[in-house]
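These are my notebook entries on one structure. I record below what I looked up.

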Amino acid sequence: MSDLTIMGPAASRAMRTLWMAGELGIDFDHKADINFRGGDCRTPEYLAVNRAGRVPAIKDSAISMGESCAINIYLAKKHKKLIPSDLVGETKVLEWSFWVMTEVEKPMLNYLFHAAMLPEDQRKQEVVEQAVADLAWPLEVLDTYLAKHRWLVGDDFSVADLNVAAVLAWGKMSKFDFSATPHVAEYMDRCLGRPAAKVR
Ligand SMILES: N[C@@H](CCC(=O)N[C@@H](CS)C(=O)NCC(=O)O)C(=O)O
């Protein structure tokens, strides 16, 4: 039995934390059989681990918590890998992680659902069009940055890249047209092509 338990199936935002654990090369127990749409996240036992009642969540000897990006930053700091040790570098990781969650995640999820995941009779073209419009500026921001930088923070892949690319992955899954932002497209493939990104 490992010190760390990751809760949530790979086909959920738990993918982000499973990818992170793979990058770090750490042992963990995986509680994948959580029916997050069926109420499993709202039991007293689950809420004691993640009061937000969503997946992913983790518990180890130090902490029980939710929020995928925060979990990944915790694991990076705990294992002293994939995160700079200086204040500015660490803060830039936070900046990119907050950025992707607030600027990109919601419209990308809307795109994923209404362009690909929902049964066809439930998809709404106007939601797709709004998502494309909402994503134009943040993707341009990212593309401009990536035109001059291979990775988001420092010279190597970091947890900032993982958190950002894990959200972009929804665009790849739903065949979002990234042709207007070619640096984003290349970057996404660079990140998602890493062996640890192939989680099950
Ligand atoms: N901001 C949270 C969002 C977590 C989240 O919404 N997870 C979904 C599954 S991918 C969930 O638990 N849904 C259950 C529900 O909405 O009740 C994170 O990144 O961890």
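Is T5 buried or exposed? I find that T5 counts as buried because its relative accessibility is 15%, where buried means under 20% relative accessible area, exposed over 50%, and partly exposed in between (1.4 Å probe, protein chains only).

Basis of the entries. I am working with a predicted model, in which local features need pLDDT of at least 70, side-chain atom pairs count only at pLDDT 80 or more, and totals for chains, interfaces and linings use all residues. Residues are numbered from 1 along each chain as its sequence is written, and side-chain values use heavy atoms, with hydrogens and water left out.

Entry 1, T5. I located T5 in strand β1, residues 5–7; helices (H or I, at least four residues) and strands (E, at least two) are DSSP runs numbered from the N terminus. Leaving aside neighbours within four places in sequence, I list D29, K31, A57, I58 and K59 as contacts of T5, contact meaning heavy atoms within 4.5 Å.

I placed R37 in the loop between β2 (29–31) and α2 (44–49). R37 counts as exposed because its relative accessibility is 66%. From R37 to I71 I note 34 residues in sequence and 21 Å in space, C-alpha to C-alpha.

The axes of α4 (residues 87–117) and α6 (residues 159–173) come within 9 Å and cross at roughly 10°. I take axes as lines fitted to C-alpha atoms, for helices over the stretch in contact, with angles from 0 to 180 degrees between N-to-C directions. The two helices, α4 and α6, are therefore roughly parallel to each other, the term for angles under 35 degrees. Among the residues that meet, I note W96, V100 and M108 in α4, and V164, L168 and W170 in α6.

A nonpolar core is a set of buried Ala, Val, Leu, Ile, Met, Phe, Trp, Tyr and Cys residues joined through side-chain atoms within 4.5 Å. The largest has 55 residues, and W19, L75, M108, L142, L152, V164 and L168 have the most contacts inside it. Helix α6 gives the largest share of this core, ten residues. Domain 1 (5–79) and domain 2 (87–197) both give residues to this core, so it lies between them; the domain bounds come from an automatic or database domain assignment.

Beyond four places in sequence, I find L152 in contact with W96, L142, Y145, L146, A160, D161, V164 and Y187.

Definitions and conventions. Angles under 35 degrees count as roughly parallel, over 145 as roughly antiparallel, 65 to 115 as roughly perpendicular and the rest as oblique.
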